[in-house]
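Let's take a friendly walk through a few local features of this model. Have the viewer open as you read.

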Amino acid sequence: MALNCGSFAERLDSVKQASNSGGLLRDILLKPMDRVQAFEFDGAAARGGLIDPFGRAISYLRVSVTDRCDFRCVYCMAENMSFLPKAEILTLEELDRLCSAFIARGVRKLRLTGGEPLVRRGIMMLFNLLSRHLHSGGLDELTLTTNGSQLEKYARDLRAAGIRRINVSLDTLDAEKFRAITRWGSLDRVLAGIDAALAAGLKIKINAVALKDVNDDEFPSLIEWAHGRGMDLTLIEVMPLGEIGEGRLDQYLPLSLVRARLCEHYRLKDIDDRTGGPARYVRVAETGGRLGFITPLTHNFCESCNRVRVTCTGTLYMCLGQEDAADLRKPLRASEANDLLYAAIDEAIGRKPKGHDFIIDRRHRRPAVARHMSVTGG
Ligand SMILES: C[S@@+](CC[C@H](N)C(=O)[O-])C[C@H]1O[C@@H](n2cnc3c(N)ncnc32)[C@H](O)[C@@H]1O
Ligand code: SF4
C-alpha cells in the first residue's frame, strides 16, 4: 500500500481499510514532520506540557475504551451490571482525536483498557490509528491491559500495530477458581491467548489481584509459572471501587503480609525499576524474574503520580481514587478545532488532587469511590 500523506479523513479511510484487510500500518503512517506541524498548527505546542498543581508532569494516559466486559470478576463488577447506552460512548475516531490531543500536550505513554478493550468492536482500527504516534516519535509506548480472552485472535495484529508489551490479568492457575473469580471466564482460553501473545513476540506482565482465602496459597506457583515464561508478575491489593454485591473486607489481603510470607521461601531483592506508577519491584533471586507489588492501601503511591484516566464517555478522572472529573466529550464535540478541548484539559489538570483516600476497614463498608474499576479503567 502506498504512503498516504493526504487529509486526515483520507488517512482514516486508509487505516480502516488496512484494519479490515489486515494490511500493514507502517505503509500508511503519517510522516513525522506532518505530526509536528499538525500539533503546532492547532496550538498544542504553544500551550506546552501538562503540569499539575503539585509540579507533577502528566505523561501517562489510560483510556477505558468500553465499560463492557465478557467477564464479571467478583472484585470488579456485580453479576448484573447495567452498561452505558451506545450514544454516550465516544466513537473510535473521537477516541483517536482525544488521545492525540493528550499526546500533543506531552503524554508519552498510552494504555488502552476497559472494561475489556478487546471486546470493543473495531478496536484494531483505534490501535492502528494511534500507532502513527509511535512512528512519529510523539509516543514512547502504546499498550493495553486485557483479561486475555481475545488475545489468541488479536496478538499478531497488536504486534503489527507497534504494541510491544501488554498486561494480562490472571489471578489463578486453577480452572475452577478462575471460573469462580471471573464468573464467566475460561482459563484455557486465557492461557491460549497468553501463548499466542508470547509467540507473536509481545512481552507480558501478569497482574494478579490478591484475594484473601482465594488465591493466597497460589503466589509461589504464579511466580514460578510467570517467571518460567519470561513474564513479570505484579500483585495488586483490592481497591474499594464500586458496589460489587459483597464485602471488600472479606477480599482484602494486605500485600505487606504476602511479602513477609514470600520471604520465607524466596530471596527478594528490592530494585529501583520505578515507572512513575504505583508498583514497587523486587527481583526474585531463585527465578531471576521481577515481582511487583501495587499497594494503594498499605503504602500510598500518589506522590509520584504522572497519570490521568479518560473513560469511554470522555470523562477525565484526575485520580483513580477521587470522584472529581471533567467532561471532555462536550468540548470535543463542540468544535473541530482542539482549542476548547485543550482549555478543558488544562482546567482539569489544574485540579488534580494530591492523592486518594482509600480505606478498607470495618467502619468503611461502602466503596470509597462509587464507580467501578471497569468504568475508570484499571
Ligand atoms: C478493570 S480491568 C480492565 C482491563 C481488563 N478487563 C483486565 O481485566 O485486565 C484492569 C485491572 O483492574 C483490576 N481490578 C479491577 N477491579 C479492581 C479492584 N476493585 N481492586 C483492584 N484491582 C482491580 C483487574 O484485576 C485488572 O487487572
Ligand atoms: S477485571 Fe477486567 S476482566 Fe474482570 S470484570 Fe473487570 S474489566 Fe472485566
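## Strands and their partners

Two strands count as paired if DSSP finds at least two bridges between them. Helices (H or I, at least four residues) and strands (E, at least two) are DSSP runs, numbered from the N terminus. This is a predicted model, where local features need pLDDT of at least 70, side-chain atom pairs count only at pLDDT 80 or more, and totals for chains, interfaces and linings use all residues. Residues are numbered from 1 along each chain as its sequence is written, chains are lettered from A and ligands numbered from 1 in the order in which they are written, and side-chain values use heavy atoms, leaving out hydrogens and water.

Start with strand β10 (residues 307-310): R307 and R309 point one way, V308 and V310 the other, and all are buried (under 20% relative accessible area, with exposed over 50% and partly exposed in between; 1.4 Å probe, protein chains only). Strand β1 (residues 60-64) runs parallel to β10, joined by 4 bridges, and L61 has V308 as its bridge partner.

On to strand β11 (residues 315-317), which pairs with β10 in the antiparallel sense over 2 bridges; here Y317 stands opposite R309. The two strands form a hairpin with 4 residues between them, and G314 in the turn has a positive phi of about 85 degrees.

## Around ligand 2

Which residues surround ligand 2? They are C69, F71, C73, C76, G115 and N147, using a cut-off of one heavy atom within 4 Å.
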